[in-house]
Amino acid sequence: MLFGYFCSSLFIGGGEVNFINILKYFNRCPRCKNGNVFSGLIKLKDYCSSCNIKLNSDKIGDGASWITTSFVCFVLIPILFFFEINIGISVKIYVFVVFPFLVLLSIILLRISRYLLLKKYYDVI
């Protein structure tokens, strides 16, 4: 593993895979695959710049927030409690490692789940 790249097996049909390019995949229009869906970190655009499809977040509702919150609250927080009870994590590790990790993971999961729900709405998956 070197700078976000890894070489997958040639038997699987891969070459070098960049994780940033994988995240960029979750920013393409579900219909034309040319325009971008997000205008910021998690804010959906109103329309695609290429095919003028309406991408309003009212169509998918709060489902992405529920998915992200459920994953963080029901999976990651019990794991943190387990480590806190058995190991005893210091406050510095919580402030500088755990909280930024949870925020970053929540943003990434929210973006991915919003995109997948938008694709599901347009039945493109």
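In the predicted model, helix α2 (residues 63–86) and helix α3 (residues 91–121) approach each other to within 9 Å between their axes, which cross at roughly 150°. An angle over 145 degrees counts as roughly antiparallel, and α2 and α3 are therefore roughly antiparallel to each other. The crossing of the two helices is right-handed.

On the α2 side, the contact is formed by Gly63, Ala64, Ser65, Ile67, Thr68, Phe71, Val72, Leu76, Ile77, Leu80 and Glu84. These residues meet Tyr94, Val98, Leu102, Leu105, Ser106, Leu109, Leu110, Ser113, Arg114 and Leu117 of α3. Classified by residue type, the contact of α2 with α3 comprises 14 nonpolar, five polar and two charged residues.

The largest nonpolar core contains 11 residues, namely Phe26, Cys29, Val37, Phe38, Leu44, Cys48, Ile53, Leu55, Ile60, Tyr115 and Leu118. A second, separate core consists of seven residues, among them Val72, Ile89, Tyr94 and Val98. Of these, Val72 belongs to the α2 side of the helix contact, and Tyr94 and Val98 to the α3 side. Tyr115, a member of the largest core, is in contact with Tyr25, Phe26, Asn27, Arg28, Cys29, Val37 and Phe38 when neighbours within four places in sequence are left aside.

With regard to the chain as a whole, three helices and two strands are present, arranged along the sequence in the pattern β-β-α-α-α. Of the 125 residues in the chain, 23% are buried. Among contacts with a separation of 6 or more, 48% involve residues 24 or more positions apart.

How values were computed:
Residues are numbered from 1 along each chain as its sequence is written. This is a predicted model: local features need pLDDT of at least 70, side-chain atom pairs count only at pLDDT 80 or more; totals for chains, interfaces and linings use all residues. Side-chain values use heavy atoms; hydrogens and water are left out. Axes are lines fitted to C-alpha atoms, for helices over the stretch in contact, and angles run from 0 to 180 degrees between N-to-C directions. Helices (H or I, at least four residues) and strands (E, at least two) are DSSP runs, numbered from the N terminus. Angles under 35 degrees count as roughly parallel, over 145 as roughly antiparallel, 65 to 115 as roughly perpendicular and the rest as oblique. A crossing is left-handed if the near helix is turned anticlockwise from the far one by less than a right angle, and right-handed if clockwise. Contact means heavy atoms within 4.5 Å. Ala, Val, Leu, Ile, Met, Phe, Trp, Tyr, Cys and Pro count as nonpolar, Asp, Glu, Lys and Arg as charged, and the others, Gly among them, as polar. A nonpolar core is a set of buried Ala, Val, Leu, Ile, Met, Phe, Trp, Tyr and Cys residues joined through side-chain atoms within 4.5 Å. Buried means under 20% relative accessible area, exposed over 50%, partly exposed in between (1.4 Å probe, protein chains only).
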